[in-house]
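This note is meant for a colleague meeting the structure for the first time.

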Amino acid sequence: MTSYAQTDNAPLAAKDGQVVLPYAEQKFRGAVGTTFKDSDPATFPAPIRAPKGAPNVLLILLDDVGFGQFSVSGGGVPSPALDTLAHQGLFYNRFHTTALCSPTRAALLTGRNHNVAGTGVITELATGYDGYTGIIPKDTATVAEILRQNGYITSWFGKNHNTPVYETSAVGPFDHWPNALGFDYFYGFMAGDTNQLRPYLFENQTPLGTPHKEGYYLSVDLADHALQWLKNIQAIEPGKPWFLYFAPAATHAPHQAPKAMIGAFAGKFDMGWDEYRKQTFQRQKDLGIIPQDAVLTPRPKSLPAWDSLDEKKKKLYSRMMEVFAAYGKQVDHEVGRVLDYVATMPDADNTMILYIVGDNGASAEGGFDGTLNENAFFNAYLMTADQMLDHIDEIGTDMHFNHFPAGWAWAMDTPFQWTKQVASHLGGTRNAMIVKWPARYKKGGELRTQFSHVIDIAPTILDAAGIAEPRSVNGTAQTPMQGKSLLPTLVDANAKEIRTSQYFEMFANRGIYKDGWWAASLAFEPWQPERGAFDPFKAKWELYNLEKDFTQADDLAGKRPEKLDELKALWWAQASINKALPLDWRGAERFSAELTGKPNLAGNRTHFTYEGVLAGLPESSAPDLKNKSFSITAKVNIKDKASGMIFTQGGNTGGWAFYLKDGKLNAVHNFIDVARYSVSSSMPVAAGEHEVKMDFSYDGGNDTGKSGTITLFADGKQVGSGRIERTTPFKYSLSENQDIGTDTGTPVTYDYNAPFDFQGKLEEVVVDLKK
């Protein structure tokens, strides 16, 4: 890495250098006279330079990917870009994540365990305990912040699921946004998932809204922006090392891909999930990425055998898997474009690529039958095949937030047990990782088998850069990183294990690894949205010797009770030390801010006034319309037969819309893409100034998700009324917004096309909640 052209006098960061960040400001030390003529020559404060030879770093993290999903690890989803990288680099087959996205990402960026980084669960389910706030604490500074203050330029493209949900609106606060977490540049979305064709995007802290480009796909857009960022660096400051964190939304739901790409997979998964696992397992052995004596774990008893399904279900489930495969192939291609460009850069050999193939195992959150709407699962509702068959040709489009069945998720996690959320077993926590750094190790196509964890990535990057882990960052003393550098394993396949112990916990699913042994306690099956009663002290534990049992196929709990007791005691100790307590196994109800006490910008207010158009207010910062009566009143000035959105909260995954169409008032509730209940006015609203109102009277009392009645008014006169038989109880969406005067996301109903801007003047919209 070449030095700056005009800053050779700049301080050089060093591994043995300053451990307090930021570096002290440089002051002029020469003589100052009465004029510049009798003063020493001026010198400007020089920026910090990274250590000599510090590599560029490309960190890639995919979403909801099973170990046996892509062809790189024996799966049935083609991944030519990943395959090429694995041939050039090193495949780590014993790398681990936390079993859920936000926690893995916090651990990745900070080098601390997910609870220590305040992120024991996704941000939407956060509670007030230190290990579960959903806030990355200031005493766990990110690797990006450390690199940035040591001479790197940093960027983040894609998914940010590490900002508290109640801080994601346009008014912030911005303390926990990517720019405040050490990233000079951010382009992406602020949610756990998003529609791939209609995302709501941000650039740094500026909302950009939803793209309306023909043929738009998010993965393509993210790759385009990442390539442009790299080109800008190359043109403007090629001597400065860079850190690029590339985090596409794929292959998280919704599973969406171009029609032609989906068609190419027609019939390729008709063999079903049982046969898929057998074929993948054999390919994994043929590739040498699992031991030859590994045993394929059996199907969970609660999942149906493929051969037991009727033909209609097989048709639906095969289609869902075809869409998923196309989705995976597309993201592989787009990440491949970034990899291809990096390979052409002058410092390609001194670029360390860390490609983590998933932040957890494949997701079973579609339930037994899959779903047209992942958000239905988060509202404790499981769709049936009969509800979806009529929509089979719409699967993979922007009309639905579809997710494949749990059986396919289990198959994607071949050869392991279980799936995402299940931190007790490898199906939730074992993800492939590929590392390439030619300047340090040129050989490719090799396997690395050392036990490693996502917390080891940040220390690895600092070690590679020759930068000291700081004791203090921005005035806050730091909790030491718990990860360890993996660099010894890069150059030596037989390097000593660097990680001999690691705890795991998610939704009371518990695991502990120690010196080759793994103890596991499954609390809930991942397709079980309602958790009910549970006693963690009576839960069953299993025991596996991973040195001899790669897949966790042989439970030794009955044969080695003393070893199991030892590991159980160690789990409780580690859970306490790492802030993983108290255990919380609640399910969908944790999405409710009112039930959990999460902060909300709407606070305890019951009256909200919006003047004119206001777009992109996140659901978590908007009035909570769920499980209560409310009214929406608007002052409008319109022409004859006017159309347009007055108020909407949510989208095609669930929510409300109040709008004009051809002069008539309309109110719609979308019950999680299962049913849409509509009420229209009997007559159009005439041209001119009017006060229009939608009033919803909730029947459910203190119960959730019950029915109610909508009444429409124009200038105080009732003009329509109708029943809403079911309402969404906990969450409309993870990524849709509240909009006034427009619709920035997907439509609540396909009676209109977003953005559906209001025609006329929308003077004021008032929302009143009735407790």
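1. Overall composition. The protein chain contains 15 helices and 30 strands; helices (H or I, at least four residues) and strands (E, at least two) are DSSP runs, numbered from the N terminus. Its radius of gyration is 27 Å, close to the 28 Å that the globule rule gives for 771 residues, so the chain is as compact as a globular protein of that length. The radius is taken over C-alpha atoms, and the globule rule is 2.2 Å times the number of residues to the power 0.38. Along the principal axes, the C-alpha trace spans about 85 × 75 × 50 Å.

2. Basis of the model. This is a predicted model, in which local features need pLDDT of at least 70 and side-chain atom pairs count only at pLDDT 80 or more, while totals for chains, interfaces and linings use all residues. Residues are numbered from 1 along each chain as its sequence is written, and side-chain values use heavy atoms, with hydrogens and water left out.

3. Packing of H4 with H7. Helix H4 (residues 218-236) and helix H7 (residues 311-344) have axes that come within 9 Å and cross at roughly 5°. The two helices are therefore roughly parallel to each other. Axes are lines fitted to C-alpha atoms, for helices over the stretch in contact, and angles run from 0 to 180 degrees between N-to-C directions; those under 35 degrees count as roughly parallel, over 145 as roughly antiparallel, 65 to 115 as roughly perpendicular and the rest as oblique.

4. Packing of H1 with H7. Helix H1 (residues 80-88) also packs with H7, at an angle of about 45° and with the axes 7 Å apart. That makes H1 oblique to H7. Pro80, Ala81, Leu82 and Leu85 of H1 meet Asp332, Gly336 and Leu339 of H7. The contact comprises five nonpolar residues, one polar and one charged.

5. Cavities. On a 1 Å grid over the protein atoms alone, a cavity is a set of points where a 1.4 Å probe fits but cannot get out, and lining residues have an atom within 4 Å of a point. Grid points are joined across faces, edges and corners, and a volume is the space filled by probe spheres set on the points. The count comes to eight cavities of 30 Å³ or more. The largest has a volume of about 260 Å³ and is lined by 24 residues, with Thr168, Met190, Ala191, Pro618 and Leu734 nearest its centre. Its lining divides into nine nonpolar, 11 polar and four charged residues.

6. Backbone details. A cis peptide bond, with omega about 10°, joins Thr414 and Pro415; Pro415 is in the loop between helix H10 (406-412) and helix H11 (426-429). The bond from Ala754 to Pro755 is also cis, with omega near 15°. Ala99, a residue other than glycine, has a positive phi near 90°.

How values were computed:
1 Å grid on protein atoms, 1.4 Å probe; cavity = no way out; pocket = protein on both sides within 12 Å on 5 of 7 lines; lining within 4 Å. Nonpolar A, V, L, I, M, F, W, Y, C, P; charged D, E, K, R; others polar. Contact = heavy atoms within 4.5 Å.
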